[in-house]
Amino acid sequence: MHFFKFLLPSLLTVLLVEDTQSRRVNCIDSCCTFVESFPLRLNRLRSSYEKIRDYYEEKDELDRALLNKTILQKSFNSPYGCHAMNDVLHFYLDTVLPTAINENTRSFKTPIDEIGNIFQELKRDLIKCRNYLGCQKPFEISSIRDSYQQMKKKGMYKAMGELDMLFNYFEKYLASKRSTH
């Protein structure tokens, strides 16, 4: 089963990279490049997460989701999706990832740092490319923050255990921007 958990995301990433290469878009600005090159960043995110996924999924004892699929995906697909993505990145960078680094063994520091570095790059590029992405009104992350705080120490495990779901939201949002520009 573990083999299939790795194989499917890897296969999807290969298909996305092939699709990106076959759809070569001649970008004339950095924001176009940001959107078009996201599948490569996504591959790096998934590769880093694969190294720590099992640990966080095993430690996640909570039945309820932190990243509510209906609410978050709807927010990412809305005209303020870039604000939603920015707020979630900010939440992970300021709250979840620092707690994960403090709570875990040194063997997880490198993959968590790699995820954090890519999240920093994404945040920087999102801010720079707001107009390109057609951002409108801000996203409210307060419900995610409130749920995280209510989960206390287990919230970090929940948030880290749902990173793959978050990567999918990022992927869908940025892929939707590929066809419109």
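In this predicted model, helix H3 (residues 38-50) and helix H7 (residues 109-128) have axes that come within 8 Å and cross at roughly 155°. Because angles over 145 degrees count as roughly antiparallel, H3 is roughly antiparallel to H7. A second pair, helix H5 (residues 69-76) and helix H6 (residues 81-103), has axes that come within 7 Å and cross at roughly 125°.

**Helices H3 and H7**

- The crossing that H3 makes with H7 is left-handed.
- On the H3 side, the contact involves Phe38, Arg41, Arg44, Leu45, Ser48 and Tyr49, and these meet Pro111, Glu114, Ile115, Ile118, Phe119, Glu121, Leu122, Arg124 and Asp125 on the H7 side.

**Helix H3 itself**

- The 13 residues of H3 should span 18 Å at 1.5 Å a residue, and this agrees with the end C-alpha atoms, which are 18 Å apart.
- Buried positions in H3 are Phe38, Pro39, Arg41, Leu42, Leu45, Arg46, Ser48, Tyr49 and Glu50.

**Helices H5 and H6**

- With a crossing angle of roughly 125°, H5 and H6 are oblique to each other.
- Leu72, Ser75 and Phe76 of H5 form the contact together with Gly81, Ala84, Met85 and Val88 of H6.
- The residues in the contact of H5 with H6 divide into five nonpolar and two polar, with no charged residues.

How values were computed
Residues numbered from 1 in each chain as written. Predicted model: local features only at pLDDT ≥ 70, side-chain atom pairs only at ≥ 80, totals over all residues. Heavy atoms only, no water. Axes fitted to C-alpha atoms, helices over the stretch in contact; angles between N-to-C directions. Helix = DSSP H or I, 4+ residues; strand = E, 2+ residues; numbered from the N terminus. Parallel < 35°, antiparallel > 145°, perpendicular 65-115°, else oblique. Left-handed = near helix turned anticlockwise from the far one by under 90°. Contact = heavy atoms within 4.5 Å. Nonpolar A, V, L, I, M, F, W, Y, C, P; charged D, E, K, R; others polar. Expected span 1.5 Å × (residues − 1). Buried < 20%, exposed > 50% of the residue type's maximum accessible area, 1.4 Å probe, protein only.
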